[in-house]
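User: Please examine the structure shown below and answer some questions on its pockets and helix packing.

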Amino acid sequence: MARLIFLGAPGAGKGTQAKILADSHGIPHISTGDILRAAVANQTELGLKAKQFMDAGELVPDSLVIDLIRERLAQSDAQKGWILDGFPRNVTQAGFLDTLLAELKQVCDHTINLDVADEIVVNRLVKRGVESGRSDDNEDTIRRRLQVYRDQTAPLIDFYQTKGKLVTINGDQSMEAVTAALQAAVVA
Ligand code: AMP
């Protein structure tokens, strides 16, 4: 059983590592970015509302992602653990998550901060944009997403540090080395 929150800049490797860890622990990998991209692709009401913000590299409004997480954490597969990737993204979302987890009588075990220098994440994201065709992986949007990360999401590092739950892992290592460091941190 594990409940983990992954923090880290876009391109830090959150998605890749969260997926590996979720598979090995048999718990769902919950990525708000993946859920929003699927909603955009399916042109749902949520997707239509979110698309302009995502294309601009901005956060989508809190109310949209808060409803989405409330529904997702209520599903049966999320009762034995989960990995949150890309949520919370600002202090409002983190406060909401605290309240929701208290309601659900669940406790987050660790918050993982995947730490990678800016130049490295920009290079990774430009490369990913070429390979995957993801529309927000172009250089202007990447820089905006990094700025949004610094302004709105990075303050959560202190928020969780104060709670004594933060584990920082150097994300500038081979994928296998990062996975090993994560596995060690999660059992610790
Ligand atoms: P990601 O795949 O996590 O990098 O997210 C891609 C985009 O989806 C972000 O740039 C935001 O526009 C949006 N997004 C994902 N998660 C959130 C969230 N928790 N709050 C607001 N916007 C989000």
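User: How many nonpolar, polar and charged residues does the lining of the largest pocket have?

Analyst: This is a predicted model, in which local features need pLDDT of at least 70, side-chain atom pairs count only at pLDDT 80 or more, and totals for chains, interfaces and linings use all residues. Residues are numbered from 1 along each chain as its sequence is written, and side-chain values use heavy atoms, without hydrogens and water. Ala, Val, Leu, Ile, Met, Phe, Trp, Tyr, Cys and Pro count as nonpolar, Asp, Glu, Lys and Arg as charged, and the others, Gly among them, as polar. By class, the lining of the largest pocket has 14 nonpolar, 16 polar and 13 charged residues.

User: Which residues lie nearest the centre of the largest pocket?

Analyst: A pocket is an open set of points on a 1 Å grid over the protein atoms alone, where a 1.4 Å probe fits, with protein on both sides within 12 Å along at least five of seven lines; lining residues have an atom within 4 Å of a point. The lining of the largest pocket comprises 43 residues. Nearest its centre are Pro10, Gly11, Lys14, Arg128 and Arg134.

User: How is H6 oriented relative to H7?

Analyst: Helices are DSSP runs of H or I with at least four residues, numbered from the N terminus. Axes are lines fitted to C-alpha atoms over the stretch in contact (heavy atoms within 4.5 Å), and angles run from 0 to 180 degrees between N-to-C directions. H6 (residues 118-132) and H7 (residues 139-153) pack at about 140 degrees, with axes 10 Å apart. Angles under 35 degrees count as roughly parallel, over 145 as roughly antiparallel, 65 to 115 as roughly perpendicular and the rest as oblique, so H6 is to H7 oblique.

Key
Helix = DSSP H or I, 4+ residues; strand = E, 2+ residues; numbered from the N terminus.
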